[in-house]
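Confidence is treated at the end.

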Number of protein chains: 2
Amino acid sequence: MMPNPSAAGTWLANRAPASQPNLAETMAEMGRRAREAAAVVALAGPESKNTALRAAAKAVRASEVEILAANARDLAEAEGEKLAPALRDRLALDPKRLEAVAAGLEAIAERPDPVGRSLARWSRPNGLNIERVAVPLGVVGIIYESRPNVTADAGGLALKSGNAAILRGGSESFYSSRALVAALADGLRAARLPEAAIQLVPTRDRAAVGIMLGMSGVIDIIVPRGGASLIERVQRESRIPVIAHLEGLCHTYIHAAADPEKARRIALNAKMRRVSICGATETLLVDHEVARTILPPILADLHAAGCELRGDPQVLALHREVKPATEQDWRTEYLDAILAVRIVDGIGAAIAHIERFGSHHTDAIVTEDTGAAERFLREVDSAIVLVNASTQFADGGEFGMGAEIGISTQRLPPRGPVGAEQLTTYKYLVRGNGQVRP
Amino acid sequence: MMPNPSAAGTWLANRAPASQPNLAETMAEMGRRAREAAAVVALAGPESKNTALRAAAKAVRASEVEILAANARDLAEAEGEKLAPALRDRLALDPKRLEAVAAGLEAIAERPDPVGRSLARWSRPNGLNIERVAVPLGVVGIIYESRPNVTADAGGLALKSGNAAILRGGSESFYSSRALVAALADGLRAARLPEAAIQLVPTRDRAAVGIMLGMSGVIDIIVPRGGASLIERVQRESRIPVIAHLEGLCHTYIHAAADPEKARRIALNAKMRRVSICGATETLLVDHEVARTILPPILADLHAAGCELRGDPQVLALHREVKPATEQDWRTEYLDAILAVRIVDGIGAAIAHIERFGSHHTDAIVTEDTGAAERFLREVDSAIVLVNASTQFADGGEFGMGAEIGISTQRLPPRGPVGAEQLTTYKYLVRGNGQVRP
């Protein structure tokens, strides 16, 4: 199924843009086209956006050979740069992953239209009728790393929410992203929507990011989806508002009234299902009342699954493979098969630990005590707070949003998973019959 | 009623803070106290917050002599600095204005509690129940200019929404604000809430603003309420997220199907009721079909009311007092008794003018044609879009929010009037029974 890389190279060379004599000029032109397209897609009806998304899914399937060839070219170039195996895996597409990309676009089409929803409506004593309705953000600039599927998710979600997107993918996935954007463009054309509604920065030149960050007044919102250094750069350099995804230092707290079996299943899944995602648990807190009974089998499971364990002195006494934890462990987002484990003196101490060391992303309690559960839900100040469930559910798809563009850790909305609905804002419509203000 | 300024001086000297040997230290200590207070007021019930607001209103009334004395001291010092009459008027309190401050706090207490509202709730096929609930922002830093009533509005709204507030008022109103904050503290004490929930920066030293802007991690959100230079400074210097209030370049468009009487009443009110507020109309657009019939009496009214008129060549022909407008007039937020008037060729041209020159704050159409009204509501991309009503309704109080902290012109929420509800964010509560992610 994987096509010959050299044939792919030829095919792509035909589509490659001319060399960039003036990147700033190219970016400015993208910006102008994006603004024009944004005005059109903002007013496009649900039918037309969904037609585009479904046609794009079809085009992804029909272009399988081309897209996989483009991906092979990215992988071949990555070979030279000695990409880490994990990064290489994130970059690689295959027919199954590509089908998931197409199905993802169709799932976005299935969701209710987020634009034009009436969010609130009330009347005033003077007869004015006031309505708050959801509207698109405008032009969204999305800067992300090597996973090419983000290109389709981000482009699809932006379109669904009536925005124009300027996508800047990781340079390692440049050819894959370009081939996917070509399929998205096919979808837009099929629905007679402007192709410029989803544009990819047409160069791997890293200077393009700096130019994007300076496009205040053209790009309305920047969504950086990447590591801390990218997000810091965006916040430092840009005056454009940001939807930021920072650290996920997530906790699972096993309360005194936890069901031992649920605790065991959840702790293992929360840490080990995938260790590199932001919703992976990094610190396990266990109530001192049940630590001796509940914790040993959990530690055994985790050790057997290949997880390194770092614990406080009480935890050290419960399993011979535990290494001593330092305070730095409570502050570390490992994104790896390492877990910090701490015994705490009740729910108050657990909440205080989470407040002190956590990142307000996602935290869970395991308990059969409804009062404790509700207290945890109320007092833990995180974007997502769970009871009796794995922190790995911190995901827009798992929330039923169809797809996500990331998890926002900022306080102002959007907070938590960012799907199409979260890529809208609102405006007020006020209907009167001649009212003037006294 | 106005007490003797020198007596006021003595009274205030007793309450004055010691000189500031180290402003940075003072600010850091305020920040620590604010964070502690934020954790308490975030969980405070509606009763307790409303008790505090009502007790604060009582304390404002009971401290009338002290507050007016403090205001007299501000006014006396302003005398030396030769404040413009308009600024002096904004600074001055009298018994009537003070009663409005007290009543404003009571009005905030009457409003529904914005914290803990269930914003959405759904279940997933795996049995997870997901709920989005409104929660406070945390510590809100509010930087504003000379009107002392903002001190009470901002403090009251922050408390109602479960936030702690660090207030930095204009240095001209320092003593007035300090006396008002003392009344708010009385209210907090009466409800056994921490006084540090509403703190005023205890110095007129302008360096305090710079320190506030650097308090990332302590202050969650900055609300600058002031001129463009303040907001630009905040956006340039601070990494703390901002709720920004920029320009209000508002339009009123008189459509071909406008009712002439409504058009006349609305145009005069939208411009002249108060010329210095952000919701005042700055440009009047008139459909060419009706300009000759509808516009002359409107121009006569405005001229009679003391408004300077600047128009395009067609407008010049309709009234002898009109001066020629330049393109710069379409771009100017006068905040004064000056109106730019332009004849446009239909609703499309009106919307295009607003898109090109407006500030996406507040824009109105006057028409009896429902289709035109709905098109204007849909296509004009402003925080507030009105039909047959004055743009001067752009105000949280007029929207029924009890009070407002400003009008946000940013695209991401909160957009438009910012009341207590808009000073909240949300989190997701996920209730499971042992779910793990496959």
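## Sheets shared between the chains

An open sheet of ten strands runs in the order 10(A)-9(A)-11(A)-8(A)-7(A)-12(A)-13(A)-16(B)-2(B)-1(B), and its pairing is mixed. Its edge strands, each pairing on one side only, are strand 10 (323–324) of chain A and strand 1 (118–123) of chain B. Strands (E, at least two residues) and helices (H or I, at least four) are DSSP runs numbered from the N terminus, and two strands pair if DSSP finds at least two bridges between them. The model is predicted: local features need pLDDT of at least 70 and side-chain atom pairs count only at pLDDT 80 or more, while totals for chains, interfaces and linings use all residues. Residues are numbered from 1 along each chain as its sequence is written, with chains lettered from A and ligands numbered from 1 in the order in which they are written.

A second open sheet of ten strands, also mixed in its pairing, has the order 1(A)-2(A)-16(A)-13(B)-12(B)-7(B)-8(B)-11(B)-9(B)-10(B). Here strand 1 (118–123) of chain A and strand 10 (323–324) of chain B are the edge strands.

## Strand pairs

Strand 13 of chain A and strand 16 (residues 424–435) of chain B run parallel and are joined by five bridges. In strand 16 of chain B, B:Leu429 stands opposite A:Val385.

Within chain A, strand 2 (residues 129–136) and strand 16 run antiparallel, with eight bridges between them. A:Tyr426 of strand 16 is the bridge partner of A:Ala134. Strand 8 (residues 281–287) of chain A pairs in the parallel sense with strand 11 (residues 338–344) of chain A over five bridges; A:Ile343 in strand 11 stands opposite A:Val286.

## The interface

Contacts, defined by C-beta atoms placed from the backbone and lying within 7 Å, link 53 residues of chain A to 53 residues of chain B. On the chain A side, the elements giving two or more residues are helix 11 (260–272), helix 16 (370–379), strand 13 (384–389) and strand 16 (424–435). Strand 16 of chain A gives the most, with eleven residues.

Helix 16 (residues 370–379) of chain B lies across strand 16 of chain A and across strand 12 (362–366) and strand 13 (384–389) of chain B. The helix runs at about 160 degrees to strand 13 of chain B, where axes are lines fitted to C-alpha atoms, for helices over the stretch in contact, and angles between N-to-C directions run from 0 to 180 degrees.

The same surface serves both copies, as 100% of the contact residues of chain A recur in chain B.

The domain assignment, automatic or from a database, gives chain A domain 1 (24–237) and domain 2 (250–393). Their C-alpha centres lie 36 Å apart.

## Confidence

The pLDDT, the predictor's confidence in each residue from 0 to 100, averages 92 in chain A, and 95% of the residues score at least 70. Over residues 1–19 of chain A, pLDDT stays under 50. For the complex, the predictor gives an ipTM of 0.91 and a pTM of 0.91.

Definitions and conventions. Two residues are in contact if their C-beta atoms, placed from the backbone, lie within 7 Å.
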